[in-house]
Amino acid sequence: FNKFKNFKSFIKKTRLNEDNKLVLIPGILAILTLSYFLLPTIYNKDVLKAEIKNQIASKYNINIVFKDKVTYSLLPKPHFVTKNLIISKNNKEIGKVKKFKVFISSNRFFAINKIEVRDILFHKTEFNISKTDFNFFSNLLNISPTKDELSIKNSSLFYKDEEDNILFIKKINDFRFFY
């Protein structure tokens, strides 16, 4: 009972006064804001992969295949990261991406099916393009204008002939496609 008496007196001393309210309100707001931005960490990753894949296919006409797990990062802006992604066209592999980032809109985090893909970054990609696949890049230029950006950084383009011999290699340091 003595400990209960000490606990009761401690509670009386720490009652909320004006100074504690000034610290408590911004603290609660900071915790709520951080909780909102960390909501995508609890999404079902299989549903998330399907949603990202569908949005990229409809927006850029690019088919992707995830090989590794998808992780969420908050900084510099909310995005999902994966490694070892495959870019395919007509069931043929035309690119291997070592690091893939897809930036998302921070407006609707409460529903996974309302997530909106914004910017896309292909980092360290090896494109294996032949004459029949070369229209992949020209199709990117013919999509409808959006405010989103598609970037390809530190990548290589291998152009091959019909016999699968490499005709030339082109280094892509920083390619940004935006309207």
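## Overall composition

Of the protein's 179 residues, 37% count as buried, meaning under 20% relative accessible area with a 1.4 Å probe and protein chains only. The model is predicted, so local features need pLDDT of at least 70 and side-chain atom pairs count only at pLDDT 80 or more, whereas totals for chains, interfaces and linings use all residues. Residues are numbered from 1 along each chain as its sequence is written, and side-chain values use heavy atoms, with hydrogens and water left out.

The protein contains four helices and seven strands, which are DSSP runs (helices H or I, at least four residues; strands E, at least two) numbered from the N terminus. Their order along the sequence is α-α-α-β-β-β-β-β-α-β-β.

## The nonpolar core

The largest nonpolar core comprises 37 residues; such a core is a set of buried Ala, Val, Leu, Ile, Met, Phe, Trp, Tyr and Cys residues joined through side-chain atoms within 4.5 Å. Among the elements that give two or more residues to this core are helix 3 (45–60), strand 3 (79–89) and strand 5 (117–129).

Phe80 is one of the residues with the most contacts inside the core. Beyond its neighbours within four places in sequence, Phe80 is in contact (heavy atoms within 4.5 Å) with residues including Pro40, Leu48, Ile52, Phe100 and Ile115.

## Ser130

Ser130 is located in the loop between strand 5 and helix 4. Ser130 counts as buried because its relative accessibility is 12%. Leaving out residues up to four places away in sequence, Ser130 touches Lys92, Tyr159 and Lys160.

Conventions: Buried < 20%, exposed > 50% of the residue type's maximum accessible area, 1.4 Å probe, protein only.
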